Amino acid sequence: MENLELIFKALSDPIRLQILKKLYSEESVCVCKLVDMFDISQSKLSYHLKMLLSANLIDKTSQGKWNYYSANKDSISRVLTYDVIQKLFL
């Protein structure tokens with residue numbers, strides 16, 4: 001397990017948890033849709049996504065001019081128990 005401090009810091013914020021829940025329930029989400037889903041500025045969303053990326057909890061794929069984000073379920077399952085994942089994401 002990489003840097004646990006980064007992982008738990010990323011999980012400690014309610015907005016980041018909401019973002020992660022959304023990404024966990026979808027295969028991939030365009031950043032343009034994430035901006036519309038959450039009532040925060042694009043710069044704040046970028047900050048939260050950067051935190052989740054640094055903790056290796058999400059993945060980013062570029063397609064044209066857009067970035068698409070998805071939950072890194074393998075990484076999440078290495079850090080959290082099945083019961084916690086069920087309560088948080090399902």
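User: Which strand does Ser70 lie in?
Analyst: Ser70 lies in strand S3. Keep in mind that this is a predicted model.

User: Buried or exposed, Ser70?
Analyst: Ser70 has a relative accessible area of 16%. The cut-off for buried is under 20%, so Ser70 counts as buried.

User: And what does Ser70 touch?
Analyst: Leaving out residues up to four places away in sequence, Ser70 touches Leu23, Glu27, Ser28, Ile58 and Asp59.

User: Back up to the sheet. What is the strand order, and how are the strands paired?
Analyst: The sheet is open and has 3 strands in the order S1-S3-S2, with antiparallel pairing.

User: Which strands stand at the edges?
Analyst: Strand S1 (29-30) and strand S2 (58-63) do. Each has a single partner strand, so one side of each is left without a neighbour in the sheet.

User: How many bridges join S2 to S3?
Analyst: There are 6 bridges between S2 and strand S3 (residues 66-71), and the two run antiparallel. Among the bridge partners, Ser62 goes with Asn67 of S3, and Thr61 goes with Tyr68 of S3.

User: What sits between S2 and S3 in the chain?
Analyst: S2 and S3 form a hairpin with 2 residues between them. Gly64, in the turn, has a positive phi of about 65°.

User: Which non-glycine has a positive phi?
Analyst: Asn56 is one, with a phi of about 60°. For context, most residues other than glycine have a negative phi.

User: Where is Asn56, and how accessible is it?
Analyst: Asn56 lies in the loop between H4 and S2. Its relative accessible area is 27%, and Asn56 is therefore partly exposed.

User: On to helices. At what angle do H2 and H4 pack?
Analyst: Helix H2 (residues 14-25) and helix H4 (residues 42-54) pack at about 75°, and their axes are 10 Å apart. That makes H2 roughly perpendicular to H4.

User: Which residues make that contact between H2 and H4?
Analyst: From H2, Ile15, Arg16 and Ile19; from H4, Leu45, Tyr47, His48, Leu49, Met51 and Leu52. By class, the residues of the H2 contact with H4 are 7 nonpolar, 1 polar and 1 charged.

User: What does His48 touch?
Analyst: Leaving aside residues up to four places away in sequence, His48 touches Asp13, Ile15, Arg16, Ile19 and Ile40.

User: How far apart are the C-alpha atoms of His48 and Lys22?
Analyst: They are separated by 13 Å, with the two residues 26 residues apart along the chain.

User: Now H2 and H6. What are the angle and the axis distance?
Analyst: H2 and H6 pack at an angle of about 95°, with 10 Å between their axes. H2 and H6 are therefore roughly perpendicular to each other.

User: Which residues meet there, in H2 and H6?
Analyst: Leu17, Leu20, Lys21 and Tyr24 in H2 meet Ile85, Leu88 and Phe89 in H6. The residues of the H2 contact with H6 divide into 6 nonpolar, no polar and 1 charged.

User: How many aromatic pairs does the model count?
Analyst: The count comes to 1 aromatic pair. Tyr24 and Phe89 form the pair, which is stacked at 4.5 Å centre to centre with 15° between the planes.

User: Which parts of the chain does the pair link?
Analyst: Distant ones: Tyr24 is in helix H2 and Phe89 in helix H6 (residues 82-89), 65 residues apart.

User: Buried or exposed, those two, Tyr24 and Phe89?
Analyst: Tyr24 is buried, and Phe89 is buried too.

Conventions:
Residues are numbered from 1 along each chain as its sequence is written. This is a predicted model: local features need pLDDT of at least 70, side-chain atom pairs count only at pLDDT 80 or more; totals for chains, interfaces and linings use all residues. Side-chain values use heavy atoms; hydrogens and water are left out. Axes are lines fitted to C-alpha atoms, for helices over the stretch in contact, and angles run from 0 to 180 degrees between N-to-C directions. Helices (H or I, at least four residues) and strands (E, at least two) are DSSP runs, numbered from the N terminus. Angles under 35 degrees count as roughly parallel, over 145 as roughly antiparallel, 65 to 115 as roughly perpendicular and the rest as oblique. Contact means heavy atoms within 4.5 Å. Ala, Val, Leu, Ile, Met, Phe, Trp, Tyr, Cys and Pro count as nonpolar, Asp, Glu, Lys and Arg as charged, and the others, Gly among them, as polar. Two strands pair if DSSP finds at least two bridges between them. Rings of Phe, Tyr and Trp (its six-membered ring) pair if their centres lie within 6.5 Å; planes under 30 degrees apart count as stacked, over 60 as edge-to-face and the rest as tilted. Buried means under 20% relative accessible area, exposed over 50%, partly exposed in between (1.4 Å probe, protein chains only).
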